[in-house]
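Please walk through this model with me, from whole chains down to single residues.

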Amino acid sequence: MRLKSNSNINGRLWGWDPPLKSSYDAVIIGGGLHGLATAYFLARHHGMSRVAVIEKRYIGFGGSGRNTAIVRANQRTQENLPLYKEALEMWPVLTRELDFNLMFYNCGNLNLAHSEAALKAMRLQVASAQIYGIQSQLVDPEQCKTLIPALDISDRPRYPIYGGMYHPPGGIVRHDAVVWGLAKGAARKGIHIHQGTEVTGIGVKNQKIVSVETDKGKINTSRVLNAAGGYSAALSYQMLGIRLPISVLTIQAMVTQPLKPLLNHVVSSGAYHCYANQTLKGEIATGAHMDPWPNYTNQSTARYIKHQAEAVTEFLPCLKGVKFMRIWGGLADMTPDMAPIIYGNDPIKGYYIDCGWGYFGFKSCLVTGKYMAKFMADGTCPNILKPFTLRRFEQHRLMGETAAVVNYSPDN
Amino acid sequence: MTINLERRSPVKLKGRPVKTGIREGRQIVSGYAGAGKGLHIVDLSHFSRWDIQDKRLSRIQPYGDMIPEKPGQIFMDKHLLMGRLNATQAVAWHFSELKPDMPQTQAFTDITDAAVALALTGPAVYDMAEKVCALDLADPLKTPPFLVQGPFSHVPCHLWVLDRTDSGGCLALTCSRGYAHDMVNSILEAGAEYNVTPEGEDIFRAWLGWGG
Amino acid sequence: MAFTITCPVCGIRRGYEFRFGGEDKGPMPPEESLASETWCEYVHMNNCIAGIQKEWWFHRDGCGSWFTIYRDTTTNQQVENR
Amino acid sequence: MKRLNQLPTFRIQYGKELSVNFGQKRCRGLEGDTIASALYANDVRIFGRSLKYHRPRGLYSLDGECSNTMMAVDGIPNVRAENTPAVDGMNIKAQNVFGKTPDFDMMRFMDELSWAMPAGFYYQTLHKPSRIWPLAIKHIRKAAGLGILSPDFHMRGKFDESYISTDVCVIGGGPAGMCAALSAADQGLRVVLLENRPWLGGYFEYRPREYQKGVPLYQRARELAESVGHTPNIRTFKNTAMIGSYHNNLITAFQRGNKSDIFTERYLEIRAGSVVVATGCIERPLLFENNERPGVMQIGCAHRLARNWGLLPGKRAAFSVGHDLGLEAAIDLADLGLDIACVADIRQDSYDSNLAAELEKRNIPFLPGWVAIRAHGSKTVNAVTLSSINATRRRKLSCDTVVASAGMTPVTGPVILPGGKLTYDNHTGFFLPATIPPQMHVAGRLLGLDDPFAIETSGLLAGLKAAADCGKPVENNLKEMAKNQATLPGPTRGTKLVTGPVKGKETFICFDEDCTLKNINQAMHRGFDVPELIKRFTSAGTGPGQGGIPGHNLPMYVAETGESPDRNPKPTTVRPPLVPVYLATYAGSNHDMSKRTPMHDSQVKAGGKMERIGVWNRARRFSSDTSARKEIENVRNNVGLLDGSTLGKFRIFGSDALKALQRVYVSDMSKVAEGKVKYSAMCNEDGCLMDDGIVVKIDENDYYMTASTGRAGQTIEWIRYHTRYDGWNFHMVNLTDAYGVINMAGPNARKVLEKVTDADVSNEAFPFAGYREFLIQNMPVRAMRLGFVGELSYELHVLSSYMQSIWDLLEITGKEFGIQKFGLEAQNILRMEKGHVIIGSESEQRTTIHDLGLGFLWYRNKPEAKTVGAFALKDTEHQKGRLKLVGFKMKESGTRVPKDGSPLVDSRIRGYVCTARYSWALKEPIGMALVDDDLCGEGTTLNIYEDGCKGKLLSAKVVSMPFYDPDGKQMRC
């Protein structure tokens with residue numbers, strides 16, 4: 001029964017633990033989806049394979065393995081739409097390219113409106129998506145019920161259903177598969193993935209990146225990408241003194257015991273602050289709420305598992321008869337306007353930032369990796385990423401991705 | 001043109017009033033028929049309450065009564081409750097039948113109509129409270145009367161823990177008037193297993209030894 | 001996790017009774033001397049310390065006061081002080 | 001099958017019969033039966049089919065660690081038959097069965113295909129060619145999942161909740177837990193004791209072994225339970241599963257109701273000063289080929305079946321165990337009439353030799369150093385192969401029951417969840433708590449103790465420690481108790497063997513996910529070298545039982561294979577809930593708390609269509625006509641009444657009140673004059689509109705102000721926040737609910753008001769923007785003349801208790817002037833005709849007051865006040881490239897009204913329609929839109945793209961606002 005050590009190195013998905021070299025062309029901090037995707041595309045599109053991904057724990061430990069894997073392209077603003085549209089198109093492409101099934105389950109997303117105001121907001125979102133060639137449509141309560149027979153469209157719930165926004169191209173993706181697939185792809189192209197390695201400092205000379213210090217040794221490099229997810233803002237401030245407009249919150253998700261097919265689409269509700277979808281394993285995954293104060297714990301709270309049960313059974317009452325099986329938490333780096341921060345070479349040349357994704361880090365990972373790689377290879381920001389500049393906050397130009405005020409600060 | 005300008009309580013309790021009267025335009029129920037031996041819910045919304053705020057509260061002495069010094073303390077005298085909220089704020093609550101005149105200094109605001117006020121009396125008051133309130137109202141280390149500001153059935157309340165015995169006690173609470181309907185419902189639902197029934201204000205007075 | 005906060009008026013309470021009011025950044029600097037960048041630093045930028053930070057809280061469901069506490073963001077526990 | 005004769009440990013009551021339906025089969029049981037025991041008594045052995053391979057599954061642990069006995073009960077899927085009481089008439093179905101009964105499953109061939117499904121096979125197959133993946137998904141979905149839940153399923157029963165404060169919370173009602181509860185209660189503390197089973201007693205409860213001379217363990221358990229029952233300061237919750245534990249000693253649990261309880265299940269949140277965890281152990285599964293075949297069961301399962309329910313597990317049993325409990329059970333079961341083929345023990349030595357002698361006395365072959373390696377039989381067990389651990393010798397024995405257990409594993413979830421850390425302990429072979437959260441203590445079997453006295457003493461000790469946490473002076477008692485403990489036997493040396501000499505292809509490390517040892521090996525070959533990753537890759541431990549079955553064995557196995565970089569076994573993560581919980585139970589009472597205005601009932605009675613607006617319920621309109629035309633026209637032509645009580649209302653006073661107002665309002669608030677209303681806005685630091693309202697000066701340093709409905713809840717918080725460093729002397733009182741607001745608007749408004757008050761309300765005495773206090777009959781009223789809807793209008797603030805009466809008076813009085821109620825929809829259109837903004841409707845998070853054309857409200861010359869938002873207002877005053885609010889009309893007459901939210905486009909999106917309606921006053925559609933600033937010039941064409949318009953755009957042009965009565969004559973008259 002005993003396996004021989006190192007018996008089958010070739011079967012391993014992302015190779016052996018490579019030695020830490022003293023110099024790389026680029027160092028990516030964070031072995032999550034954005035970091036791995038950027039590394040993969042640096043090698044694939046820009047011939048840069050002397051790249052190290054530094055991960056403190058193991059790849060996919062953070063938000064990459066803790067999201068609920070919903071993908072969609074029906075964002076609100078035209079700055080976001082093209083990015084997410086391309087992102088959605090990339091899942092099947094990457095499945096082929098990586099020869100690893102990312103398990104994109106194209107079930108479509110239904111977003112519920114519980115007021116006239118919500119319908120109005122959806123009308124903008126639906127029409128904007130259509131203008132950008134993204135399939136999205138408004139549906140009435142009966143159509144919602146046809147899509148999801150378990151919905152209660154009566155007047156009973158505290159927020160009755162007024163209609164919905166149906167987005168057929170969306171769905172869910174197996175998040176772990178994306179982590180492993182990208183790691184496999186990156187490693188095959190010669191990228192070094194250093195797990196269990198912690199960045200302890202970033203060296204700067206004359207406003208230029210010169211090195212990255214880790215607990216396993218120092219690396220000389222001229223390019224660093226901060227893709228540390230929940231820890232990106234803390235890292236940026238502690239190591240470079242650059243503060244970011246980020247609050248790090250714990251977001252929670254939970255799954256029920258597995259059931260035979262019940263929900264054929266992802267369904268979400270703004271009023272209840274809740275989404276639900278059925279995974280390929282049959283579990284109903286639900287979540288979305290967060291404790292409204294910053295913290296770095298991944299722990300779940302009694303309050304929110306209860307809240308989630310209250311919320312989801314209001315519009316899907318049959319779920320009262322199923323049991324929660326597991327709840328977990330992950331970090332979400334939230335910005336004041338719910339849009340990410342993608343920036344680089346200012347004020348330190350060679351320092352790149354890809355963070356502040358909040359809820360949206362999973363669905364955007366492939367496309368951001370692709371353009372971030374271009375940004376790092378060329379040194380100039382691709383147009384598609386320009387709206388996400390860090391400077392928008394001092395220019396009083398928050399993005400309109402959320403029309404509402406984000407509710408975790410006193411500024412609401 | 002004139003009509004009888006009736007004042008209404010935000011609370012509507014189901015039950016047959018047996019002792020009623022009119023006070024300052026309000027219909028007051030002193031007792032209900034069929035009020036059981038169990039837990040009672042009493043509408044106190046008609047008793048006048050004042051908010052008292054001042055940088056130096058100690059200099060304010062309505063009727064010569066000292067406002068208690070520490071937040072959470074209650075001063076209790078015949079037909080008067082005064083509770084301290086924080087360094088600069090207190091509440092006074094009058095249970096005399098005739099509304100006293102509010103002192104005409106800036107510190108006072110009449111807040112009678114701002115809140116719904118309820119009393120819960122009888123056995124199992126704190127067992128019932130446990131079902132809608134996470135605060136430890138039965139903490140043996142705290143001796144009634146005392147005042148707690150916190151959520152009761154999810155709504156911020158002033159909770160007046162007036163009496164507590166082995167078998168029950170007397171708890172009065174106030175919260176935003178708009179919540180009256182849902183607050184009463186929530187109490188009736190939680191109290192069902194303790195046979196909660198509506199009662200008139202007499203039982204509250206009796207509980208505090210203020211007579212009927 | 002069950003997060004509790006000690007309110008200076010009401011004592012130890014569940015964290016959910018409170019609203020978070022941001023890292024303590026001191027009073028707003030005078031407007032005359034402000035540049036957009038320094039304004040932005042004050043208004044939007046955070047230290048995001050993974051560790052102990054001083055921060056503002058409001059006892060929304062209780063006494064209604066604003067106050068500061070120290071909290072370890074890695075454990076989400078209030079601590080005595082720095 | 002026949003039950004045993006009455007035993008003192010029975011939980012069933014002879015003579016009280018019940019019956020349940022299992023598919024077509026009617027099964028007779030007794031009061032006290034679980035569903036599983038009732039079915040077992042009727043010879044049901046296969047309870048369901050496994051997830052992937054459709055293998056038959058049966059009774060295994062009785063403690064709910066696996067999904068083997070999850071069945072559909074009365075339409076509810078995934079009910080654990082093994083710990084759910086049988087109720088007369090229940091309808092029970094096996095799950096994941098394709099066929100009539102679980103004995104014959106048409107999908108059983110899946111088991112033969114397991115070779116085609118290596119660990120993670122989904123990731124590596126099924127995507128080539130890409131078109132097969134969508135087809136594969138369909139099949140995967142159908143095959144996945146266990147129970148069936150109907151979309152129109154209605155959960156019956158009553159679910160509520162309770163929030164308990166206590167000094168000490170003891171988790172586990174076994175001997176250690178009971179002793180802990182008793183010793184803490186003895187100190188006068190409030191104690192809560194939680195026990196998952198319907199009775200107290202735990203590990204003692206069913207065992208006839210001697211505790212003291214003449215006192216069997218089960219009797220001792222009853223004595224302790226009686227003491228607990230007689231202690232008034234112990235609240236015992238039986239049938240209560242602990243599900244979560246969190247920092248600061250918050251424990252969550254749920255209680256299943258008895259017949260006498262008013263609840264079906266009750267969610268509990270317990271906040272304790274100190275917590276004692278006495279959750280004991282479950283058994284560590286023994287891994288061998290077909291180790292989950294029906295007929296294979298754990299020691300406690302076999303023993304409790306007989307002792308609690310009078311059912312012998314089979315006719316002939318082979319034991320393969322690693323703990324003295326196995327020997328003890330074999331002896332007792334033999335005495336109760338079970339034929340025992342042999343007892344194999346993993347241990348070569350270190351077993352209790354007295355027990356071995358007892359076995360010998362009964363002629364039961366005892367095989368130390370032997371272990372089961374394969375169970376035989378296609379549906380249920382018919383034989384077992386045993387092997388010596390060193391694989392030199394084998395024996396095959398026929399039997400219908402294999403009692404298999406590798407040893408014990410402690411239930412440490414309650415310690416880990418709030419941050420306790422486990423380390424591997426070489427003596428016990430357990431993952432034991434190395435760091436325990438503050439004010440938490442552990443006791444009993446989970447420490448590895450087996451000696452009854454040691455267990456009880458550890459409980460007493462933990463109870464004292466908990467008392468110390470609660471401030472009781474118990475130092476001396478603690479010392480003495482610790483001394484006692486030291487004289488008693490310590491933790492038992494545990495077995496570490498995970499598996500005997502097996503291949504592993506049919507050795508299931510996780511039952512729920514059908515995960516074998518071979519799958520684990522495959523994952524390790526792919527580079528997944530830590531248990532947490534193996535778990536993710538193979539799904540082991542992610543099924544309904546979570547880590548219950550593989551939680552201990554997986555890390556032991558991984559460490560043993562040497563593939564992991566770390567040779568120390570590392571436990572996988574435990575997550576709440578520790579026991580699966582109905583969403584109905586978590587949802588509990590689910591009280592829906594919303595606010596009603598004093599007019600609520602009469603508005604509903606008048607046909608008001610109520611809607612939830614923030615925390616309030618408000619009437620949108622009073623007829624089925626969604627355009628609210630009649631209500632609108634009546635305001636424009638006669639007079640209407642709107643319930644505006646939800647408006648925020650505040651008193652702010654004190655020597656620094658004006659400073660506070662200057663800080664939060666953008667206007668110069670020193671200009672607020674008595675008898676006048678001042679309209680102004682509050683911005684956030686970005687200069688964006690947060691709230692608007694009016695301020696009235698009531699007296700020196702004494703103001704009355706309003707806030708919008710949505711903001712009222714935060715107004716005091718906001719003002720205090722923005723003055724928190726200043727130490728100013730001002731006070732606020734929230735009067736939102738103290739006053740009802742009646743908005744009486746329309747050309748006839750004055751005529752109505754004149755009739756109900758003696759005050760002079762002529763335009764001269766009470767002009768537009770005036771504030772007056774007067775009496776209506778005897779009632780004081782605060783009245784303002786405002787113009788939100790653009791007509792002569794009075795906003796009357798009246799004490800809430802009077803509101804209904806005053807409203808009635810106005811309605812009766814106003815009858816001759818055509819007075820009628822109007823609702824929010826009418827108000828929405830009326831105010832839009834006036835170009836008035838509603839926050840959130842015409843503004844976004846990023847919209848400044850400049851963008852809304854409200855920049856005139858900003859008074860820039862009060863820098864000493866540090867007006868919130870002033871800096872950004874200065875910065876953005878002339879900034880280009882912003883969205884600005886404009887009014888528009890349709891270019892061509894006869895064009896219909898564009899829908900709210902429709903974008904404005906040219907080559908890109910240039911803005912969107914905020915609100916657009918048909919104006920009955922202007923007889924044409926009008927609207928407001930946020931547009932790019934280069935499009936906001938009057939006359940500019942706006943092309944409106946509507947959802948589904950297929951490129952056919954509506955054409956509008958920018959016009960000046962207000963649309964209606966631009967000079968404001970109507971509201972000023």
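Domain bounds here come from an automatic or database domain assignment. For chain A that assignment gives domain 1 (21-104 + 172-246 + 336-412) and domain 2 (109-168 + 247-334). The model is predicted: local features need pLDDT of at least 70, side-chain atom pairs count only at pLDDT 80 or more, and totals for chains, interfaces and linings use all residues. Residues are numbered from 1 along each chain as its sequence is written, while chains are lettered from A and ligands numbered from 1 in the order in which they are written.

The centres of domain 1 and domain 2 of chain A, taken over C-alpha atoms, are 26 Å apart. Two residues are in contact if their C-beta atoms, placed from the backbone, lie within 7 Å. On that basis, 30 residues of domain 1 of chain A touch 30 residues of domain 2 of chain A. Helices (H or I, at least four residues) and strands (E, at least two) are DSSP runs, numbered from the N terminus. Helix H2 (81-98) and helix H6 (232-240) of chain A each supply at least two residues of the domain 1 side. H2(A) gives the most, with three residues. By class, this side has 14 nonpolar, 12 polar and four charged residues. Ala, Val, Leu, Ile, Met, Phe, Trp, Tyr, Cys and Pro count as nonpolar, Asp, Glu, Lys and Arg as charged, and the others, Gly among them, as polar.

Chain A also holds an open sheet of three strands, in the order S9-S10-S11, with antiparallel pairing. Two strands pair if DSSP finds at least two bridges between them. S9(A) and strand S10 (208-214) of chain A are linked by six bridges. In this pairing A:Gly201 stands opposite A:Glu213.

Now the chains together. No contact joins chain A and chain B; their closest C-alpha atoms lie 12 Å apart. The contact between chains C and D takes 20 residues from chain C and 16 residues from chain D. Strand S3 (19-23), helix H1 (36-43) and strand S4 (52-58) of chain C each give two or more residues to the chain C side. The largest share, three residues, comes from H1(C).

Chain B has three helices and 13 strands. Its C-alpha trace spans about 55 × 45 × 30 Å along the principal axes. Buried residues make up 51% of its 212 residues. A residue is buried if 20 or more other C-beta atoms lie within 10 Å of its own, exposed if 12 or fewer, and partly exposed in between, with C-beta atoms placed from the backbone.

Chain D supplies the backbone exceptions. Most residues other than glycine have a negative phi, and most peptide bonds are trans. D:Leu62 has a positive phi of about 70°. It lies in the loop between strands S4 (56-57) and S5 (70-73) of chain D. D:Leu62 is buried, with 25 other C-beta atoms within 10 Å. D:Asn248 has a positive phi of about 55°. With 19 C-beta neighbours inside 10 Å, D:Asn248 counts as partly exposed. A cis peptide bond joins D:Pro576 and D:Pro577, with omega about -5°. Another cis bond joins D:Met961 and D:Pro962, also with omega about -5°.
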